[in-house]
Amino acid sequence: MAANRSLTDTEPEASHTSKTAESALKCKPGTRIQAIKDLTAWAKEVAANPSSSEKLVLWFPGPAGAEKTCIMRELARICRRDEMLVGDYFFSTRVSGLDDEAPFVATIVSHLITVIPELDDLVQDTIRRHPRIFEQALEFQVEELISSHIASIPPHTPRILLVDGFDECRDQKQRARLLGLIHSLVTPPHSFRVIMASRPELDIRTAFDLTPLKSITKILRLEDYEASGEIYQYLSDEFARIRETHPAKQSIPSDWPGQHMLHALTDKSSRGYSYPSVIIRYVENPRRHPVELFKHILNTSSTASSGRPFAELDAIYEIILNPPDVDIPLMKHLLHVITEITHLPSGSSISELEPMTCRILEAPNLDEFLVSLGKGTTEITLCDLHSVLSVTEGTKRPYIYFHHKYLEDYLRSPERAGNLYQSQVDTHSDILTVCTHNMELWNRELASPNVDFPIVYVTLQYSCVAWECLLIKKKYFPPSVLDFDARIVWRCLAFVGWLPPKRDELNDFINSFHNSMVGWIDLFWQSDHAHTRSFHHLVQRGSGMSAVLRLVQAYG
């Protein structure tokens, strides 16, 4: 449809039918049945009688790692099957672009015109009249794209809008604006009904406890649902599978680990599946005996302090992330680099960064990118961590990724991670230093005779754009890059095909910029001419990255 072609600011990965959702965790068979049943019942009730219900919003809060997103995806599937779903949006800090409010309205509108074809031409006409509408305030987008066409929506059309992971929209001010939009979408002249899931963060709890949302919101708390029986059954089934399929199955007792241990693990799960699923992944390691692994994990877990909210899970991480005969500083370095590379595209306007993130996180490419690592180092170092991350090639997701967001939270907490903690600033500095080194290496070796291809192409690509993102967006300047000649960035960008000059014009093109950066700063900071003028002045007093540092210090 023509309108779909105009909606270029949508976020396709926000839907429950996206590629991200396809490979994401699903609810374990036979679990979360009552919660899904209650959510579905409310959706059917308000969809059948949208004008008769006093409650227009259902808030579904729950703790981290409790499978809220799995439940919401299953709910979305049911609502779509039963022709109740008008749109859905799954926020996420693990997928680029899904932790920000910007694509929200465009994405919901794209869903609306798919479900309600009568809106297609009207939305297209609005976009023609306001070609830059998706650069405007979200309230204006809703008013022009939805509110002004509300009379054209036929009766008895789908009304349910699902919003998941709302707390993963990082900015609290954005969350406040989005709650205002949700209120407007469920009150006249609109008649949509919203089911929203999130962690019970303070600002979200406060909003639902105050006017205008309090009186129109029904709350179903995930922790009110008894999940112990489901978790016990999950553990029982998984241990039975290990007994039947593990290479050491002949030496595993038929009643292992015993009902009392299954009950103990269930009690430690805190009604969530993160803890038991990590246990299962750890114990099923085919290279080690599951009975011995289970004893090891029990011995350490028994010393966990119950005063900490994730004490049991942290105890498991401490075992898994400190395997014998492993270079712990190297493992720490790798884990933090993987964490920050995963999130680097988030909030960045550099469109090339996201697809390259997956490629650079393939183990061989990560070895090459980090320069000092020999081939196979990443896979060898992380080979005992399959219970918490994936390093598998030949799958739909051949790059390295963490199974649970819990692990990222753990690594970023000095109290929890202990000897594996590294600050985000230090990790960004490490990445920026590596990017600089890769570009200098390429530039130096390219000048040597008989050099066909000094470094792997994807490494050079990623080094260019990650350097750009960290420098301009994050403003991190480790001392090791202060004297970097940033004209090399232009050479690299031209080499990988992102700059137009022909080869014989390249040196003149590069050298036309004062000591490296004037034109580059003009391109990215052109919104403030004073910055540009000041930068020209600074360049006359210094050179290279030192000038950039002084500029940022001067203008924040």
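I shall speak about a strand, the nonpolar cores and a pair of helices.

This is a predicted model, in which local features need pLDDT of at least 70 and side-chain atom pairs count only at pLDDT 80 or more, while totals for chains, interfaces and linings use all residues. Residues are numbered from 1 along each chain as its sequence is written, and side-chain values use heavy atoms, without hydrogens and water.

Let me start with strand β3, residues 160-164. Strands here are DSSP runs of E with at least two residues, and helices are runs of H or I with at least four, numbered from the N terminus. Five of the five residues of β3 are buried, meaning under 20% relative accessible area with a 1.4 Å probe, protein chains only. I160, L162 and D164 lie on one side, and L161 and V163 on the other. In a regular strand the side chains alternate between the two faces of the sheet. Strand β2 runs parallel to β3, joined by five bridges; pairing requires at least two DSSP bridges.

Next, the cores. A nonpolar core is a set of buried Ala, Val, Leu, Ile, Met, Phe, Trp, Tyr and Cys residues joined through side-chain atoms within 4.5 Å. The largest has 79 residues, and F239, L321 and F369 have the most contacts inside it. A second, separate core of 45 residues includes W59 and L161.

Finally, helices α15 and α21 pack at about 85°, with axes 10 Å apart. The axes are lines fitted to C-alpha atoms over the stretch in contact, and angles run from 0 to 180 degrees between N-to-C directions. The two helices are therefore roughly perpendicular, a term covering 65 to 115 degrees.

Terms used. Angles under 35 degrees count as roughly parallel, over 145 as roughly antiparallel, 65 to 115 as roughly perpendicular and the rest as oblique. Buried means under 20% relative accessible area, exposed over 50%, partly exposed in between (1.4 Å probe, protein chains only).
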